[in-house]
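These are my notebook entries on one structure, written down in the order in which I looked things up.

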Amino acid sequence: KVVSQSSQLLAPRAVQAVKTLLADDLSARFHSVDLNFIRMVKSVGGTIDDTELVHGLALTQKVSKAAGGPSKITGAKVALIQFQLSPPKTDMENNVVITDYAMMDRVLKEERDYLLNLCKKIAKTGCNVLLIQKSILRDAVTDTTLHFLAKMKIMVVMDIERTDVEFICRALGCLPIASIDAFSASKFGFADRVEEIRSSDGKIIKFTGIQSPTRAVSVILRGATKLLVDEAERSMHDALCVVRCLVKSNFIVRGGGVPEMECAVQLRKFALTLEGVASVCVRAYADALEVVPEMLALNAGLDSVAVTTQLRKQHNDGLKNAGIDVRKGCIVDESTVTVPLLVLSSLLQHATETVCMILRIDDILRTR
């Protein structure tokens with residue numbers, strides 16, 4: 001992989017991120033880990049070594065400072081709203097006709113009083129961090145509203161994507177608020193500190209010390225170019241999946257084609273004790289398992305037939321740990337590659353179930 005030189009840094013980050021999601025009870029550690037609670041934030045700039053693990057939430061949106069609002073809050077009470085803090089609009093087929101300046105002043109005063117009333121209701125609940133979902137109908141917030149919220153020392157984060165709402169609610173332990181009438185402290189999320197930090201290509205908002213029973217982790221991936229950051233994200237996701245497999249099943253086996261070849265050898269021995277169709281099926285299953293080391297040798301640029309034959313001979317001779325070393329380009333007696341057992345067992349189970357399903361097909365009806 002492109003980021004293989006930074007594996008000593010990224011691997012501990014992946015392990016620590018998964019361990020954070022595990023329950024304190026050791027009896028629950030064998031449960032599956034939900035990777036949806038791990039958010040990867042990409043930031044172009046710096047190096048891979050600057051990758052950071054945040055025990056909380058990280059957002060790429062910016063804090064609104066148009067009216068001089070705060071950018072750092074201690075003892076945050078976070079609310080996520082899905083309604084607009086802007087003056088109401090008329091229906092599409094209706095118009096408001098203003099004939100003189102007195103009517104215009106009255107409209108502006110009504111709008112100002114309306115927005116001030118909304119802000120007062122928000123501040124009355126004790127909210128000091130306000131997340132506003134992005135709106136496609138009209139402006140989610142106006143400059144007047146930002147001015148009122150800044151005077152009330154409320155941090156405002158706008159343009160929260162609809163796809164991020166569920167994760168933010170699960171991470172902060174808050175509930176989305178659809179109207180001002182439903183705005184209450186019971187739907188807030190709580191964090192010890194919310195601050196905006198500067199990165200190479202912009203700013204990132206960090207929520208730390210989240211007081212929620214639901215654990216959440218954010219990984220801030222940094223790199224010199226967008227290609228490098230994207231590759232780091234793919235590598236980190238692969239590492240998280242591997243650690244999740246080890247959490248669910250705490251066993252590893254040797255790689256390099258070792259388990260597949262050993263299973264094939266043992267199945268051939270077992271086939272000798274059977275008769276008829278059963279013996280043929282077991283031998284065919286063993287032949288299918290040998291495809292894995294054969295393809296591994298082929299992808300490494302080796303002679304697949306010679307390598308597979310030699311590997312089969314060594315396993316027949318009792319060298320159960322013999323496998324293919326891609327870097328050395330040969331077969332070694334003790335393969336140093338390790339693979340989670342869950343990966344191999346799931347592979348065999350799904351492949352077997354697929355073949356059984358295909359064999360149950362009696363006929364295929366072609367339609368145009």
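Which residues make the nonpolar surface patch of about 670 Å²? I found that V96, I98, Y101, M103, M104, V107 and L108 make this patch. I noted the rule that a patch takes residues with over 30% relative accessible area and no salt bridge, joining like charges within 9 Å and nonpolar side chains (Val, Leu, Ile, Met, Phe, Trp, Tyr) within 5 Å. Accessible areas come from the Shrake-Rupley method with a 1.4 Å probe, and for residues only the protein chains shown count as cover.

Before going on, I wrote down that this is a predicted model, in which local features need pLDDT of at least 70 and side-chain atom pairs count only at pLDDT 80 or more, while totals for chains, interfaces and linings use all residues. Residues are numbered from 1 along each chain as its sequence is written, and side-chain values use heavy atoms, with hydrogens and water left out.

I then looked up Y101, which lies in helix α2 (residues 101-124); helices (H or I, at least four residues) and strands (E, at least two) are DSSP runs, numbered from the N terminus. Y101 is exposed, with a relative accessible area of 68%, where buried means under 20%, exposed over 50% and partly exposed in between.

Next came the salt bridges, each a side-chain nitrogen of Lys or Arg within 4 Å of a carboxyl oxygen of Asp or Glu. I read that the structure holds 16 of them. One of them joins R39 and D164, with the closest N and O atoms 3.6 Å apart. This pair links distant parts of the chain, 125 residues apart, since R39 is in strand β1 (residues 38-44) and D164 is in the loop between β6 (155-160) and α4 (165-172). R39 counts as buried at 14% relative accessibility, and D164 is buried with a relative accessible area of 15%.

I also looked at K226 and D230, whose side chains meet in a salt bridge at 3.0 Å, N to O. Both lie in helix α5 (residues 226-248), four residues apart, which is about one turn of the helix. K226 counts as exposed at 56% relative accessibility, whereas D230 counts as buried at 16%. Salt bridges that share partners join K42, K226, D230 and E233 into one network.

My last entry concerns a charge and a ring: R170 lies over the face of F37, at 4.1 Å from the ring centre. The rule asks for NZ of Lys or CZ of Arg within 6 Å of the ring centre and within 35 degrees of the ring normal.

Conventions: Buried < 20%, exposed > 50% of the residue type's maximum accessible area, 1.4 Å probe, protein only.
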